[in-house]
Amino acid sequence: MSLDKENILNKIRDGFSGIVQIWIDEVALAVKDPGTLIFFIIAPLFYPIVYSYLYNNEETPDVPLVVVDHCNTSFSRDFSRMVDATKEVKIVGKCISMEEAKKAIAMRDAYGIMEIPKDFNKSIVRGEQTCVHLYCDMTSLMYYKALLQGVTATSLKTNAKIQTKMVADKTTREQELNAAPLKYENIALFNPQNGYGSYLVPGVLVLIVQQMLLLGVGMAAGTMRDNNGGGRLIPAKDYCRGTLRNICEKSACYIMIWILGAMFLFLGIPRLFSFPQLMNCTSSLALIVPYVFACVFFAMTLSLLIKEREAVFVVFVFTSVIFIFASGMSWPWVSMSSGWQTVVKILPSTFGIKGFLALNSMGSSVADASPYIMGLWIQAGVYFITTYILYRLEIRKTFSTID
């Protein structure tokens, strides 16, 4: 009995030391290799900081606008000054014709043209309807949004003033009701600043985890094939350890690094740049753990496609834009075809982004976000199985080659 116990203890000790050794080897590879060091450490630290800093202003204030005032009356000039007073617009010049204004757009001196018609003042005095034409450079939707908001807000204020003057004999309350019988109030749900950064950056933070793992694990796999000789993913000395043990030992390194990395991205970056943050540490772990597991085994599955370390750039780099669109951030999820919705559910980033937005931006509880969390756990299980199968086939193929 004592010998059996001693044998069992020796096996446990050897197994634990083997796990630690491969974990150390993987960490050493991630630290010593400049490529994996960039994808595992440097890029996750600096890329989200730079990205968040660029969008930290949330809005594009004082967008340059030129005015073509055919009316040239005190009323039309007052209207232009009111537009210029808005935070969204800055009038940088007045042009005598549309052709001159178009040249300003072509030279990027302005990003929009406001044209005031010749009968602008006369129509108002007669009690007739008039209009102001706004032409925007549509190469940037943010410039278009700012210009449209500024001119629209000025038009609404001008309308209210005109209507108030038309009922000058009424009481102040009656004038207010006549000017605005239906009060207009714009409230941006889940994005109080109505900013582009609060809308875009959270999804990018989630996608960074998946993409850096795809690139880092793929490059590590290519490096191992180069170092082991014969294109072998696993060193010959580790074949006897078994498929399951090799997978668990390798994945432990990636999981440890990226649970810490995901906590920095999900909790640290929003707090650092004052983005909306309603998620606490407990709810974040409920999402981070399954998401990291799913991403790790997803990356390990796809790393079998990498035969050379440079191939990772050809295979995975271009997918970032595709995955952002697939998540429903850039294009509404409900507008996608049912077939496309089914296909993109194979990506951990799809459930990860939706779950993060629900917990962090919308303030949902873990129970409310459970469909996304459960989806990630299912993906983690499925990709663990695919990783096991592909690693098993890889080992058998290598053994047959050696034989």
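Is C95 buried or exposed? With a relative accessibility of 12%, C95 counts as buried. Buried means under 20% relative accessible area, exposed over 50% and partly exposed in between, with a 1.4 Å probe and protein chains only.

This is a predicted model, in which local features need pLDDT of at least 70, side-chain atom pairs count only at pLDDT 80 or more, and totals for chains, interfaces and linings use all residues. Residues are numbered from 1 along each chain as its sequence is written, and side-chain values use heavy atoms, with hydrogens and water left out.

**Figure 1. Overview of the protein chain.** The chain has 15 helices and 4 strands. Helices (H or I, at least four residues) and strands (E, at least two) are DSSP runs, numbered from the N terminus. Of its 403 residues, 43% count as buried. The accessible surface is about 21800 Å², and carbon and sulfur atoms hold 63% of this area. Areas come from the Shrake-Rupley method with a 1.4 Å probe; for residues, only the protein chains shown count as cover. Among contacts between residues at least 6 apart in sequence, 77% join residues at least 24 apart. Contact means heavy atoms within 4.5 Å.

**Figure 2. Packing of helices α2 and α9.** Helix α2 spans residues 34–54 and helix α9 residues 243–272. Their axes lie 11 Å apart, at an angle of about 10°. The two helices are therefore roughly parallel, a term for angles under 35 degrees. Axes are lines fitted to C-alpha atoms, for helices over the stretch in contact, and angles run from 0 to 180 degrees between N-to-C directions. From α2, the contact residues include F39, F40, P44 and L45. From α9, they include Y254, I257, W258 and F264. By class, the contact has 12 nonpolar, 1 polar and no charged residues.

**Figure 3. I259 in helix α9.** I259 belongs to helix α9. Leaving aside neighbours within four places in sequence, I259 contacts I288, V289 and V292.

**Figure 4. Q379 in helix α15.** Q379 sits in helix α15, residues 370–402. Q379 is buried, at 6% relative accessible area. Not counting residues up to four places away in sequence, Q379 touches A294, K345, I346, L347, P348 and F351.

**Figure 5. Cysteines C95 and C295.** C295 is buried, at 1% relative accessibility. C95 is buried too, at 12%. The whole structure has 0 disulfides, a disulfide being a pair of cysteine sulfur atoms within 2.5 Å.

Methods. Parallel < 35°, antiparallel > 145°, perpendicular 65-115°, else oblique. Nonpolar A, V, L, I, M, F, W, Y, C, P; charged D, E, K, R; others polar.
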